[in-house]
Every structure is written in C-alpha cells, then in structure tokens.
Amino acid sequence: MVSLTVAWTTIFDIGHFGNTGLPIDYRILQAQAIILVVAIGAQMLAGLFAERREGEAHLVRSNAMLERERDNKLLNAQAITASIAHEVRQPLAAIATYAHACDRLLSLPDPELGEIQAALRQIAEQAVRAGDIIRRLRSLAPDENTQHGPADVNAVIAELTDLIQSDAKAHGVTYRAELATDLPQITLDRAQIQQVVLNLVRNALEALALAQLDTKEVIVSTRRSPEGEVEIAVCDNGPGVDSQIAGRMFDPFSTTKTAGTGLGLAISRTIVRAHGGSLEHFPHVPAGACFAIRLPLDAPG
Amino acid sequence: MKEPSPIVFVVDDDEAVRNSLRLLLKSVGLAASALATAREFLDTYRPNQPGCLVLDVRMPGMSGMELQQQLNIRGAVIPVIFISGHGDIPMAVEAMQQGAFDFLQKPFRDQDLIDRIQRALVKDQTNRAELKERARIQERLTSLTPREREVLTLVASGKPNKVMAGDLGVSQRTVEIHRARVMEKMGASSLAQLVRMVMDLDEPGASDA
C-alpha cells in the first residue's frame, strides 16, 4: 500500500500539475508509465493474496472444521487472512481497472484530463481504503500475544461502557448494562472477549439503525446460566434476525450488510470456542435479537 | 426496426469497482450501464436490449448467482461474465454449469475482461439471431393448415410421398400439392432445410454453448 501511495504522490508531482515546462506528450507518457507501475503493483499484491487462496477456499467449504476445531489459533489466522484477501481484492480490482482505464484514455487522440485526474484520485483513495480494511480486520483478530488470566466479567464489560456509550449515542440508541452480582471470576483473555462483545454491540447498533422505532435499546447483561456458566448477553429491540439468515449467520462471509466482511460472527464464535464456551443467537422477547456468550467456570483445583 | 446498439451492463455493489469498470469500458468505446444491485438490473433490463452482463458474485440482497437463476427462469439469453473477489472454485464451477459465459477473479487484467466482453457480445448477437430465426420459423408454422402440418411432420420423419398418401388416405398427387405448399409457406428451398427447421423448433435452446 505504501508503494502505491508513493506512486500516487509521484503522479501528482510530475503530472500535468508540475513540470509545466515539459511538452504535453512527454508528460502524458510519463504519467502513463507510472500508471502502469501502479497497475502492476496492484496485480503483484493480488498475487500475494492469491497464494492464500487455497486456504481461503478450504475455509469457506469446510465450516464443519470451524465447528469442530477447538485449538483454533491457526484457524483464526486463516480466517483473518482469507477475509483480508477477499476484502482487499475489491479496492485492488478498482485500482487496477482505474489504472488500465487511465492508460487507455491517455492513448486516445484528445484525452479528457479532468476525467483521468478523477480516476487517479480514486486510485489513491482505493489504496488508502485497502490499508483501512487491513487495519480493521487486524483489529478483529485476537492479539498474537494473548493473555489469559482470571477476570471479573462485570469489570471486563464495565471497561467498555464509555466506548459502547458513545457508539450507541451516535446511533441514537440507549445503552443499558444489567450486571449480575453473583459471578465468579473466570479465566479468559480480556481483550478477546471485549472484542467479541464490541462486535456484537456494533451488529446490534447496525441492526437498529435500519429500524423505525421510538426507543432503540441495546442491553448488555451478565448472569449465571441455568447450566452454571457465566453468560454475557447482548440484546437489542431491533428487527431481529431473519429466520432465513439465522441458520448461516455464523458462517464465514455470510453478510447482509452492504459494508460487512461477513466474518464478525464467525470470528467471534471462534474466539468464544477457544475459551471452551459457546456463542448462540436467541430471539429477544418481545422483539429483537440476543447473542449469548457462555463461558465455562474454571476447573476446580 | 433497427436493433439497439449493445450495452455492457455492470452489476457490482462496490462503488469503486463499478465506476472503474465504467471508465474502462468507456476508454475502449463500449457503452456501459453500471448498477449497484441485482434487483435494479432485473427491474430495468429489457430483453430486446443486446449486450452482456458483467456480474459480481457476492452481493448483499440478491447475489449474482441468484440473479443468474432469475435470468435463466425468465429465459433471458444475455451472456453473463462473473467477476469475483473469491478464489472459490466450486462457485465458479456452479456458475459455469448454470450457463455463465465466463468467470474472472478480481483483480483482473483489462485485456482479459475486454476480450471476454467482446466474445460475449458476439455470442449475444448469435443468440439473438438464432432466436429471431426461430421466431420466424414458428410464425410460418402457424400459417400452415392442420393438414399441411400433418404433411410436414411426415416429411420431416422421412416418409416418401407414396407412404404418406397411404397414411393420410389421399392421393399421391394431393400429397405432392400439400408438400409444395408446405415448402413454400415455410420458405424452405430444400427438404434438408425444411427438416433442419423442424429439428430446430423441436429442441428449444439447442444452440452451441
């Protein structure tokens, strides 16, 4: 991405904006050469990701593996790589196509420079977008040096209050926490579990954004489950999950959002399962959706 | 009536991909129409518009594959070139089995796409010519009298006039007259041509892939 940005800066410096002393044709040739470099760079990057393609196809096909695998550190890495590959291909495709188009447009007898300039700006913007996607997906990934330790689940949730509060406010949603008082400490990776909770809250906020409601509400609650596990539930009063989607919403790449990766729930479930727990969806009564994370108590002794 | 000139339809939910494709198509002088959703395409597409469809596989709402199924159900002949961000081979195989014209993984080389589009447009033209021819034959067929239709079926199945005369209980001379009328009405200059017309009609969609 850095090299693309550099190439972009260079285009601006030596395109028809700079070096005005040069004859037009020469400058166009120069720009064309740089555009080609950009296009080739995009193809090379795509090639890098293509090497991971096998792993990706494998992941999509064998969700059963997701179901079984408990020791899933590797799986997490695979899911992240696959999603980066897929998501980044969109801006890369746009970059390559814009660059090719500019190249062809500049070869026309009387090129429309305004149009070409707009395309070049898009190339830069898409390169930045590709970088953002990688950053966003990295943030979904659990930290490499994971830190498991005993924790008070309520405190883990409480630390998120400000973050959730401001997010909820921005969406016109009321946030409420209902925390049980009788919870034992359990061993967990704080950052990972917080990541899952935040992810579920974001999903809820996005679902609520589409709903026409007087009061929009997200509730994060904790309790002992009937089976004695520690449960964290994220509930909303939005439209709920369509029964058609409910069956496959934990599958990688299944998304109903226009800007989603379709990986949030898949990764969340993977993280929770790595804790020996479960992540399930329940309809929220009377309306909306609930996602319950259940984490086992530490083995005695 | 002059046939409208071909349009390359692009359906991709990614705005940047969509716009870049539109510009690329413009740069090679192809008329393009870029849409964000499969639904928009279905709602606006007129079957008599020649062209081809460059279609993203995975989109929120109706996916590219679902759009292809819808088009198949409606009997649309527009060739579909799938573009996908996934290196998902089973998906590509399925799309091809459903009659996709081609499948390209993002990002692609411009020439690869343009070559495929050119071929798809040729294919579309062939499809349309075949459909038109079929409709013409069908129309001529309806101008036949019931008896002439009977004669046509018998001729096509290779029966000599003498046998037909027996089958229909008429004179050989009458059969000859009917037969000449059938040839004339169907616009067939030879028996072979007449037989081919009947076979074409018997096998709807039996064009070369």
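Q: Across which strands of chain A does helix α11 lie, and at about what angle to β6(A) does the helix run?

A: Axes are lines fitted to C-alpha atoms, for helices over the stretch in contact, and angles run from 0 to 180 degrees between N-to-C directions. In this predicted model, helix α11 (residues 264-274) of chain A lies across β6 and β7 of chain A and runs at about 130° to β6(A). Helix α9 (residues 190-209) of chain A lies across β4, β5, β6 and β7 of chain A, and its direction is at about 20° to β5(A).

Q: What should I know about the numbering and the cut-offs before going on?

A: Residues are numbered from 1 along each chain as its sequence is written, and chains are lettered from A and ligands numbered from 1 in the order in which they are written. This is a predicted model in which local features need pLDDT of at least 70, side-chain atom pairs count only at pLDDT 80 or more, and totals for chains, interfaces and linings use all residues, while side-chain values use heavy atoms, with hydrogens and water left out.

Q: In what order do the strands of the open sheet in chain A follow one another?

A: Strands of a sheet pair through backbone hydrogen bonds, either parallel or antiparallel. Two strands count as paired if DSSP finds at least two bridges between them. The open sheet in chain A has five strands in the order β2-β4-β5-β7-β6, with mixed pairing. Because β2 (174-179) and β6 (278-283) of chain A stand at the edges with a single partner strand each, one side of each is left without a neighbour in the sheet. On average, neighbouring strands of this sheet are turned by 15° against each other, direction ignored.

Q: Which sense does each pairing take, starting with β2(A) and β4(A)?

A: β2(A) pairs with strand β4 (residues 217-224) of chain A in the parallel sense over six bridges, and A:Leu179 has A:Thr222 in β4(A) as its bridge partner. The pairing of β4(A) with β5(A) is antiparallel and has seven bridges, with A:Val220 partnered by A:Val234 in β5(A). These two strands form a hairpin with five residues between them, and A:Gly228 in the turn has a positive phi of about 90°. β5(A) also runs antiparallel to β7(A), to which six bridges join it; here A:Val234 stands opposite A:Phe291 in β7(A).

Q: How many residues of β5(A) are buried?

A: Buried means under 20% relative accessible area, exposed over 50%, and partly exposed in between, using a 1.4 Å probe and protein chains only. In a regular strand the side chains alternate between the two faces of the sheet. Seven of the seven residues of β5(A) are buried, so this strand is largely enclosed by the rest of the structure. On one side are A:Val230, A:Ile232, A:Val234 and A:Asp236, and on the other are A:Glu231, A:Ala233 and A:Cys235, so described because both faces are covered and these residues are all buried.

A: Angles under 35 degrees count as roughly parallel, over 145 as roughly antiparallel, 65 to 115 as roughly perpendicular and the rest as oblique. Helix α7 (residues 161-168) of chain B and helix α8 (residues 172-186) of chain B pack at about 105°, with their axes 8 Å apart, which means that α7(B) is roughly perpendicular to α8(B). Contact means heavy atoms within 4.5 Å, and here the contact involves B:Asn161, B:Lys162, B:Met164 and B:Ala165 of α7(B) together with B:Gln172, B:Val175, B:Glu176 and B:Arg179 of α8(B).

Q: Where do cis peptide bonds occur in the two chains?

A: In chain A, a cis peptide bond joins A:Val285 and A:Pro286, with omega about 5°, and A:Pro286 is found in the loop between β6 and β7 of chain A. In chain B, the bond from B:Lys106 to B:Pro107 is cis, with omega near -15°.

Q: Which element of chain B has the lowest mean pLDDT?

A: pLDDT is the predictor's confidence in each residue, from 0 to 100. Where pLDDT is low, the predicted coordinates should not be read in detail. Among the elements of chain B, helix α4 (residues 89-97) has the lowest mean pLDDT (80), whereas strand β1 (residues 7-11) has the highest (97). Over residues 205-209 of chain B the pLDDT is below 50, and beyond near neighbours in sequence this stretch has six contacts in the model.

Note on methods
Helices (H or I, at least four residues) and strands (E, at least two) are DSSP runs, numbered from the N terminus.
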